[in-house]
Amino acid sequence: MSAILAKIVAAAGFAGVAVALAVRMRLGLAREIALASLRAGVQLAAVGAAIALVFRYPALAFVFVGVMVLTAGLTAGGRLRGLPGARRRALVAIAVPALVATGALLLVGAFALSARAGVPTAGILIGGALAATTLTGRRLLESLVDEAGEIEARLCLGDDARGALAPAVRRAVTTGLIPVIDQTRSVGLVTLPGTFVGLVLGGASAAQAAATQLVVLLALVAVELGAGLLLAELTQRALIEPGERVALPHVDR
Amino acid sequence: MRAHGTSEGLRARDVRVTLAGRCVLDGAGVSVPRAQVTALVAPSGAGKSTLLRALVRLVATDRGSITLDGEDVHAIDPRDLRRRVGLVAQMPVMLPGSVADNLRHGVDDLGDDELHAALDAASLDAASAVRVARELSGGERARVALARALTRRPEVLLLDEPTAALDAAAARRIGESLRGLRDRGLAICVATHDAGFVAAWADRSEGLP
């Protein structure tokens with residue numbers, strides 16, 4: 001049996017075990033697990049084929065990364081209903097830090113200047129920016145609704161609009177960064193992250209894997225902070241009106 | 001508090017406010033002269049809160065005029081306007097920290113004497129300065145919000161339903177505080193539908209269309 005076939009069989013086996021457990025325990029999750037597993041298989045097969053195409057025609061890397069950024073922006077924007085122009089703002093918040101960091105990593109030689117290195121690097125950073133944007137945005141919108149009275153009280157006391165929004169913005173950006181900070185703190189102790197595992201399984205030395213993981217992880221911290229701050233800035237620009245007024249959003253929860 | 005002359009105070013005429021595409025106030029106005037307590041009397045939902053918020057530009061108006069001592073409020077920096085015209089909300093929100101932290105918010109040069117004077121004017125004793133603001137009762141919060149507005153050295157005070165959810169004794173303390181401030185020359189406007197409070201403490205009253 002080839003290695004690829006063995007992996008597919010193993011994956012299907014795990015999915016089967018999960019479905020069987022869900023049925024046995026009457027969790028009502030069997031169908032969902034089966035569909036999610038099937039969907040993951042189809043998606044990864046499609047991505048594998050697309051990446052193979054990118055490796056053959058490197059110029060397609062730009063299209064591939066563009067689609068990733070667009071999908072991430074639409075996904076995050078869909079979770080930020082209540083914010084005017086949510087998808088556009090989420091797209092910018094994700095694209096700018098993720099693509100700038102990818103470009104920097106390739107240009108300084110941290111990774112080879114190739115489609116084979118660029119696409120996965122961009123993918124990891126776009127994924128991190130997506131998570132931070134969604135988390136920061138959700139927290140910010142909820143704070144703006146929950147703390148509307150406090151924001152108005154600060155305006156009444158003579159704060160400018162940015163000053164009145166500052167506590168909510170700080171809390172949101174902090175919340176958005178918690179997962180990546182925890183991941184950075186616990187790396188190697190609680191989990192072995194994907195980049196490290198993938199490189200080791202692919203035959204790289206432990207030192208090479210660790211160095212690559214380190215640069216990815218710390219780039220993620222910077223990218224996610226950048227995405228959170230950028231989204232917060234864009235949100236404030238959307239909400240602050242002339243005359244130091246704040247148009248607080250309505251959020252359906 | 002600032003010294004006040006014979007200037008006219010705050011005046012609004014024919015104000016219209018549209019929120020989320022809906023006209024919530026039309027043709028509203030009020031005069032808030034110096035050294036008087038003006039009651040803005042109207043039933044709940046008539047737009048009293050919206051008018052008060054429009055007076056300090058927390059909501060935009062699409063028609064009408066609002067002047068402070070004859071000057072269009074839109075020509076005044078909004079931050080200065082909101083210090084000169086203090087708005088105390090119906091359900092005052094306390095900022096994090098102590099009562100003193102609340103009173104000093106945005107007023108870095110506030111001395112102890114001025115802090116205690118503001119507390120006194122709002123019928124609060126000096127010992128309350130160290131209490132945690134968010135642990136206060138509704139009546140205490142109302143008075144801290146009043147004291148907090150006073151530390152900005154306002155010329156005009158706007159109070160939105162200041163006696164809502166207060167017992168008679170707490171409402172009387174608010175009324176006594178307002179009378180003392182009026183005697184110092186402040187222009188005061190109380191939006192309320194509490195007829196008893198108006199009869200006891202207001203010098204004049206106006207309604208909404």
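Among contacts in chain A between residues at least 6 apart in sequence, what percentage join residues at least 24 apart?

1. The figure is 70% for chain A, where two residues are in contact if their C-beta atoms, placed from the backbone, lie within 7 Å.

2. This is a predicted model, in which local features need pLDDT of at least 70, side-chain atom pairs count only at pLDDT 80 or more, and totals for chains, interfaces and linings use all residues. Residues are numbered from 1 along each chain as its sequence is written, while chains are lettered from A and ligands numbered from 1 in the order in which they are written.

3. Chain A holds nine helices and two strands, these being DSSP runs (helices H or I, at least four residues; strands E, at least two) numbered from the N terminus. Their sequence order is α-α-α-α-α-α-α-α-α-β-β. The C-alpha trace of chain A spans about 75 × 55 × 35 Å along its principal axes.

4. The contact between the chains draws on 13 residues from chain A and 17 residues from chain B. On the chain A side, helix H6 (residues 148-156) gives the most, with six residues.

5. In chain B, strands E1 (residues 10-19) and E4 (residues 63-68) pair in the antiparallel sense over five bridges; pairing requires that DSSP finds at least two bridges between two strands. B:Leu68 of E4(B) is the bridge partner of B:Leu10, and B:Leu68 also stands opposite B:Glu71 in E5(B).

6. E4(B) is joined by two bridges to antiparallel strand E5 (residues 71-72) of chain B. The two form a hairpin with two residues between them, and B:Asp69 in the turn has a positive phi of about 50 degrees.
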